[in-house]
Amino acid sequence: MATLAVRRAAAVLALAALTLTGTFPASADPSSPVFPSAEDVERSQQRVAGTAGDVGRIEAQLAGAGARADRLAADVGRVIEAYNGARLRLEEAGRAAAEAQRTAREARGAVETARVALGRFAAAAYRSGGDVGGLSAFLLADGPRDLISRAATLQAVGNSRRHALDDFRAAQVHAGLLQARADRLVQRRERAARRVEHAKAVAEARLATQQRAIAEISAQRETLVRALAKARNTTVRLERERQAGLERAREEAARRAAEARAREQARQAEAARQAEAARAAEAARAAELARQAEAARTADEQRRADEQRRADEQRRADEPRRADEQRQADEQRQAEEPQEDAQQPAAAPEPRQEPSAPSAPSGESSGTASGADRAVAFARAQIGKPYQWAADGPGSYDCSGLTMRAWEQGGVSLPHYSVAQYERSEKVALTDVRPGDLVFFASDSGNYRSIYHVGLYIGAGQMVEAPYTGENVRISSIWRGSLFGAARP
């Protein structure tokens, strides 16, 4: 039963193959059914497989022909654009060469002008026997005054002649340089013209090649379409329509791919633009903050400068009054002192109430830790230099001159006066003193105005000081009986 089914299936396949090929056995008799043999079935299957293979090869050749046509079109487009670029460069070279030639002509005109001016002196020399600017003018002078006048005239003539000669030489050099540049640009224009001709020839040849190839491809496509119609047992018209449809499908796919790439590029460009805008905004914000900080710093510096100026003015205004008060106090004290009396012992003086010492201004600190470090480093570098009163460096110092210059390096301006340095600096407890602070010494522990010495604290209970005449700047201990206090600039 299974064998009969196989034989019937083989007969159907053989019949189908015979129908496709249009051939039947010569001895076929419609009145008596004949079943194809196994060999007939196998041959039919091979012919069907061969026809399918032919169709695949033909379609691959058609696709390759289209791709080749696209490559040729792109190649021709490139060489044509190269020719257009060569023409543009030729136009630019032509304009540059024309401008250079114009300036060279102007320079040659300047040479001729200078040559004419120089020729005037040559003509004058010829008319005067070759003695323009020579000794004859002096020999023919009528008296000292005439001699002076002639000498001045000859000096002017000589200067003019030198100027004319210098102008002529300078014009020659300038004209030579411009002409050389013009010649180079003309040569560049000629090279550009040759490149244009070459690019034109290449484009023309490539275009002719493409046209021939396109004709060959068209003929090949027609042959392939006919072969495909035969292989598929369809009409040529149907195969042409089918190939046109496939071409439209390929074009549509290419269009969608190009649109997708364009959208992606636009997305990336927009992302880059937004990132750049964000960076620009951040930079602008940072710049504005920096500007505001700088403006605040400038305003603060100006404020401190104004306060310093007003304080200086007030101190200068108060100095005569303080001096007068001191003088009056001295006179009063001298008047109240007991006079010696040889006849009887002096009476005990009446006790009097001493005025309380004025309190020091609180002051302020504008220095920084790095500024303090610089101040300490500067003070240490001055060790060994001699003390000199009223000196503030660089070869010698007194105490407040040394501390003033030290904190100048630290970015703080201090007066050359220990009491004023104490007044203007922020007061700190001796237990909180740190490197860079100022330590003061006074004759009266209750009156800051009695401060007479200042040093720069460097840590571990030590300071750099310019002590007194005959000594050099040195490191010393701050722990003395006259230690008054400390302050931070």
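1. Strand β2 (residues 438–442) and strand β3 (residues 451–459) pair with each other in the antiparallel sense, over 5 bridges; strands here are DSSP E runs of at least two residues, numbered from the N terminus, and two strands pair if DSSP finds at least two bridges between them. Within this pairing, V439 has G455 of β3 as its bridge partner, while L438 stands opposite L456 in β3.

2. The model is a predicted one, in which local features need pLDDT of at least 70 and side-chain atom pairs count only at pLDDT 80 or more, whereas totals for chains, interfaces and linings use all residues. Residues are numbered from 1 along each chain as its sequence is written, and side-chain values use heavy atoms, with hydrogens and water left out.

3. On its way onward, the chain forms a hairpin of β3 and β4 with 2 residues between the strands, where A460 takes a positive phi near 60°. The two strands pair in the antiparallel sense over 3 bridges, and Q462 in β4 is the bridge partner of G459.

4. Taken as a whole, the open sheet has 6 strands in the order β1-β6-β2-β3-β4-β5, with antiparallel pairing. Its edge strands, each of which pairs on one side only, are β1 (426–428) and β5 (474–477).

5. Why is β3 largely enclosed by the rest of the structure? The reason is that 8 of its 9 residues are buried, where buried means under 20% relative accessible area (1.4 Å probe, protein chains only).

Terms used:
Helix = DSSP H or I, 4+ residues; strand = E, 2+ residues; numbered from the N terminus. Buried < 20%, exposed > 50% of the residue type's maximum accessible area, 1.4 Å probe, protein only.
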